[in-house]
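I opened the model to see how its parts pack. These are my entries, in the order I looked things up.

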Amino acid sequence: MRSVPAGLAPPRTFPSGRLPFALHASILIALLAASSAPTPLYARYQAQWQLSSLDITVVFSAYALALLIALLTTGTLSDHVGRRPVLLGALAVQITSMALFATAGGLTTLIGARLLQGIATGAATSAAGAALLDLDDPARPGRPALANSIAPMTGMATGVLAATLMVRFAPVPRITVYAALIAVFAVQAVALASTPETVRRRPGALRSTRPHLALPTAAAHALLLNGAGVVAVWALGGFYSSLGPGFTRLISPGGPEYADGMAFFTLTAVAAPTVYFTRRMRADVSALLGSCAVIPAAVLTLGALHLPGPVPLFAGAALAGFGFGAVSQGALRAVVDSVPTREKGGTLASYYVLSYLAMSLPAIGAGALTAGFGLRAAALAYAGCVAVLATVAVATLTAPLRSRRRTPSPDTHPRPATNNYTSASPDTPDTPDTPAPDISVLATHNR
């Protein structure tokens with residue numbers, strides 16, 4: 001039976017914990033759904049307010065950078081003041097951001113709404129993910145880690161699909177989309193207010209909000225080994241999320257408006273099951289397979305500019321989704337498993353500094369290229385750079401595998417094979433039952 005960390009209440013008995021578990025999982029899904037909901041609406045914003053592609057990428061990147069700041073400052077706050085206060089405050093900020101979206105009249109309001117949304121999401125996902133760990137059921141080990149891993153991508157896929165359907169069928173979708181999300185968050189806040197707290201308060205709340213990064217030597221080596229692949233998949237995800245609608249219109253100018261967000265939906269819809277099916281694969285193999293998939297994904301993205309129809313675009317998005325899920329799963333396991341438990345929070349924060357910078361900064365660069373040279377030229381440069389990064393990642397990840405095959409094992413009695421890639425850290429015992437760490441920003445940061 002797993003031990004209870006200091007400050008945490010004992011795990012709740014089940015089935016009484018099922019509803020709180022489902023509630024916190026639904027909060028994660030709704031938060032990430034809200035993050036992708038504006039994607040199908042970017043075309044309307046551009047047409048109505050004469051926004052450039054650079055403007056759209058700035059709106060997109062404002063969310064990623066604000067979320068990153070929130071992770072660095074509020075990632076462990078719920079360990080001190082409790083999960084529920086942080087979540088209720090974050091949901092209130094999220095509702096405010098949705099109201100700003102619904103009443104937006106120009107670029108400034110959109111950026112403000114995305115900044116608030118990023119702050120709320122960064123704070124809430126950390127607290128909700130940690131609450132899932134608090135509610136772990138010994139009879140179902142690994143469930144919190146799996147929920148934390150799949151919920152973000154499931155949420156993004158759900159959000160862009162629901163918004164796309166509303167653009168097609170709902171009246172005034174620029175208001176309807178956000179009004180629906182306000183209703184969801186309000187219901188969740190009411191339900192959360194009556195849910196028992198899962199941790200005891202302890203001092204140090206103010207000190208915990210000081211931004212800090214920690215990257216031990218072993219984690220730095222793992223991040224260096226996986227860094228090119230991580231940057232490639234997150235940059236590709238940022239391209240599909242911010243410029244994907246415009247790129248879809250460039251490929252299929254006669255296509256319906258409501259289909260603008262479907263390329264990003266394809267990416268996230270493939271990424272979520274990929275996380276599930278690669279969770280027991282060895283971390284370096286998962287990252288290598290994902291990096292290999294990014295190369296044809298970039299080629300198909302470029303090919304879509306010269307081939308008729310949108311099929312190459314969506315095939316590239318599907319391969320990009322596989323690469324995103326496999327690389328994220330494998331790389332984060334390799335990085336986090338390489339350090340003791342007490343250092344996982346800072347290590348995870350360092351990993352996501354790289355990830356969110358890779359998602360936002362290249363997207364801004366692509367927006368600037370689009371403004372100066374057109375979306376076609378920007379897509380060519382973007383896909384080319386991503387393909388080069390993925391090639392570097394494949395070469396970097398393949399080298400240790402080759403040397404491992406050539407080097408005979410010194411062990412006369414090798415260990416039984418396990419499903420999970422684990423480290424030899426004294427704080428992370430090598431047991432077959434140890435669940436794979438989640439790949440999200442959600443819970444490990446709070447442990």
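Entry 1: Does A304 count as buried or exposed? I found it buried, because its relative accessibility is 2%. I call a residue buried under 20% relative accessible area, exposed over 50% and partly exposed in between, with a 1.4 Å probe and protein chains only. This is a predicted model, so I took local features at pLDDT of at least 70 and side-chain atom pairs at pLDDT 80 or more, while totals for chains, interfaces and linings use all residues. Residues are numbered from 1 along each chain as its sequence is written, and side-chain values use heavy atoms, without hydrogens and water.

A304 sits in the loop between helix 13 (283-303) and helix 14 (311-337). Helices here are DSSP runs of H or I with at least four residues, strands are runs of E with at least two, and both are numbered from the N terminus. I listed what A304 touches, leaving out residues up to four places away in sequence: I251, P312 and L313. Contact means heavy atoms within 4.5 Å. I also checked A304 against S252, 52 residues apart along the chain: their C-alpha atoms are separated by 9.7 Å.

**Entry 2: the whole chain.** I counted 16 helices and zero strands. Of the 447 residues, 55% count as buried. Among contacts with a separation of 6 or more, 86% are between residues 24 or more positions apart. The chain exposes about 18,100 Å², and carbon and sulfur atoms supply 68% of that area. Accessible areas come from the Shrake-Rupley method with a 1.4 Å probe; for residues, only the protein chains shown count as cover.

**Entry 3: the cores.** Next I looked up the largest nonpolar core, which has 104 residues. A nonpolar core is a set of buried Ala, Val, Leu, Ile, Met, Phe, Trp, Tyr and Cys residues joined through side-chain atoms within 4.5 Å. Y45, Y178, W234, Y240, Y351 and Y356 touch the most other members. Helix 10 (residues 217-242) gives the largest share of this core, 11 residues. Apart from it I found another core, of five residues, including A287, L288, V394 and L401.

I then went to W234. Not counting residues up to four places away in sequence, W234 touches F324, S328, Y351, Y352, S355, Y356, A358 and M359.

Entry 4: In helix 2 (residues 42-49), I marked Y42, A43, Y45, Q46 and W49 as buried. Seen down the helix axis, these buried residues fall within an arc of 165°, so they line one face of helix 2. The arc is that of the directions from the helix axis to the C-beta atoms. What do the buried residues of helix 2 pack against? I listed helix 3 (53-74), helix 5 (83-103), helix 6 (107-134), helix 8 (173-193), helix 10 and helix 11 (244-251). Just after helix 2, Q50 takes a positive phi of about 50°.

Helix 11 came next. Six of its eight residues are buried, so helix 11 is largely enclosed by the rest of the structure. I noted them: G244, P245, G246, F247, T248 and I251.

**Entry 5: T268.** T268 lies in helix 12 (residues 262-277). T268 is buried, with a relative accessible area of 1%. Its contacts, leaving aside neighbours within four places in sequence, are M153, M156 and A157.

**Entry 6: salt bridges.** How many salt bridges does a search of the whole structure find? I got three. A salt bridge is a side-chain nitrogen of Lys or Arg within 4 Å of a carboxyl oxygen of Asp or Glu.

D79 pairs with R83, with the closest N and O atoms 2.6 Å apart. R83 also meets D134, at 2.8 Å from N to O. R83 in helix 5 and D134 in helix 6 are 51 residues apart, and the pair links distant parts of the chain. R83 is buried at 3% relative accessibility, and D134 is buried at 7%.

D284 forms a salt bridge with R282, the closest N and O atoms being 2.9 Å apart. D284 is buried at 10% relative accessibility, whereas R282 is partly exposed at 36%.
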